[in-house]
Amino acid sequence: MSVLVYLESENNKFKKSSYEALSYGKGLADKMGVQVCGVVINCSDIESLKAYGPDKILKIESQDLSAFSSKKYAHAIANIMKSENAHIVILSSTPDSKYLGAHLSGVTDSSFVSNVVELPESISPFTIKRTCFTNKAFSLTEIISDTKIISIASNSFGVIENSNDSLAEEEIDIKSIDSNQRILNIEKESGSVTIADAEIVVSAGRGLKGPENWEMIETLAETLGAATACSKPVSDMGWRPHSEHVGQTGKPVSSNLYIAIGISGAIQHLAGINSSKVKVVINNDPEAPFFKAADYGVIGDAFEVIPSLIEKLKAR
Ligand SMILES: Cc1cc2nc3c(=O)[nH]c(=O)nc-3n(C[C@H](O)[C@H](O)[C@H](O)COP(=O)(O)OP(=O)(O)OC[C@H]3O[C@@H](n4cnc5c(N)ncnc54)[C@H](O)[C@@H]3O)c2cc1C
């Protein structure tokens, strides 16, 4: 018996969320007194996994799985669940892993529980804490099915080092699987850091007055190694691409630091950023609702505050 962790990768590098999922899997396996095995599809960067304590890595090299397909990946992982006698699979919270979780739960008749933030309170019954209502509340969910798929909310558990130098590796052969899904085209987000992977997000709203003023936002983001984001009206007006829109109807952000500039803090915007850890608000209106949700606030004109913040950061 073992805990399986699917380790998502891109361009032969594991995502940060995969290291977090592995850290969680290790914690859970230790609590249950079983092994933790990583499932790797078409990625050779195995060395980087050692720091997070897997007992074994199950490697699949397959041209058939070169592009993500929830059906094909679910069948591949379902086969490994059988051969490893694994009753628990850990996933991260990326869009691909969410599709995969739903598909895998159907194929294996398992429960799929998403947005998990902590190790289970108890193993028997298996009771687990997760966020709900756009991260405003927690719920304790008891999973009663024999097999369980658990996806971890980004940045909730953290990446925890737990080195294991005696890591075993095993190649797994997967038969090609027919799929009615076909990838026609993949459009990558522009920019060096994506909102989903970002530790820091610099986000701006209608207070910036127009698209011509985004240069200072991009400079601040570049200085901090951050991703850029925006409020809904900003993307609706075409000042910024829709891929940057965060909130209830946009992308969720679970960064460690969220800097909101000239954003009022409407409930629909806050819904998307509630799970970010530290929120800094820069707004010239002391009554802006965002200040109530902020950890740090700067009351001031963005056109004065941002250039001087960039200057101070660059000086460091
Ligand atoms: C069904 C529905 C879903 C929605 N989903 C989303 C969503 O997913 N995401 C989202 O963002 N919104 C969403 N909205 C819209 C939301 O209700 C707000 O209208 C929107 O978030 C406001 O955007 P904003 O804060 O950029 O603009 P505004 O509300 O116009 O706020 C601009 C802010 O900038 C400040 N400001 C002005 N000048 C300066 C300056 N020089 N320096 C510093 N600060 C300045 C102002 O004080 C103000 O607080 C949704 C609305 C509905 C009805």
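Two residues are in contact here if their C-beta atoms, placed from the backbone, lie within 7 Å. Keep that in mind for this tour of a predicted model.

**Stop 1: helix H8.** Select residues 302-315. This helix has 14 residues and reaches 19 Å from its first C-alpha to its last, close to the 20 Å expected at 1.5 Å a residue. Now colour Ala302, Ile306 and Leu309, which are buried in H8. Look down the axis: the buried residues of H8 fall within an arc of 65°, so they line one face of the helix. An α-helix has 3.6 residues a turn, so residues three or four places apart point the same way. Turn to the other side of H8. There Glu304, Ser308, Glu311, Lys312, Lys314 and Ala315 are exposed.

**Stop 2: the cover.** What lies over the buried residues of H8? The cover includes helix H4 (215-224), strand S14 (257-261) and strand S15 (278-283).

**Stop 3: helix H4.** Select Ile217, Leu220 and Ala221, the buried residues of H4. Seen down the axis of H4, they fall within an arc of 100°, so they line one face of the helix. They pack against strand S12 (200-204), strand S13 (227-230), S14 and H8. Step just past H4 to Gly225, which has a positive phi of about 65°.

**Stop 4: the cores.** Move to the largest nonpolar core, with 45 residues. Leu4, Val5, Val39, Ile77, Val89 and Ile90 touch the most other members. Centre on Ile90. Leaving out residues up to four places away in sequence, Ile90 touches Val3, Val5, Ala21, Tyr24, Gly25, Ile150 and Ile152. A second, separate core has 32 residues, including Ile217, Cys230, Val281 and Leu309.

Conventions. Residues numbered from 1 in each chain as written. Predicted model: local features only at pLDDT ≥ 70, side-chain atom pairs only at ≥ 80, totals over all residues. Helix = DSSP H or I, 4+ residues; strand = E, 2+ residues; numbered from the N terminus. Expected span 1.5 Å × (residues − 1). Buried ≥ 20, exposed ≤ 12 C-beta atoms within 10 Å, placed from the backbone. Arc of directions from axis to C-beta. Core = buried A, V, L, I, M, F, W, Y, C linked by C-beta atoms within 7 Å.
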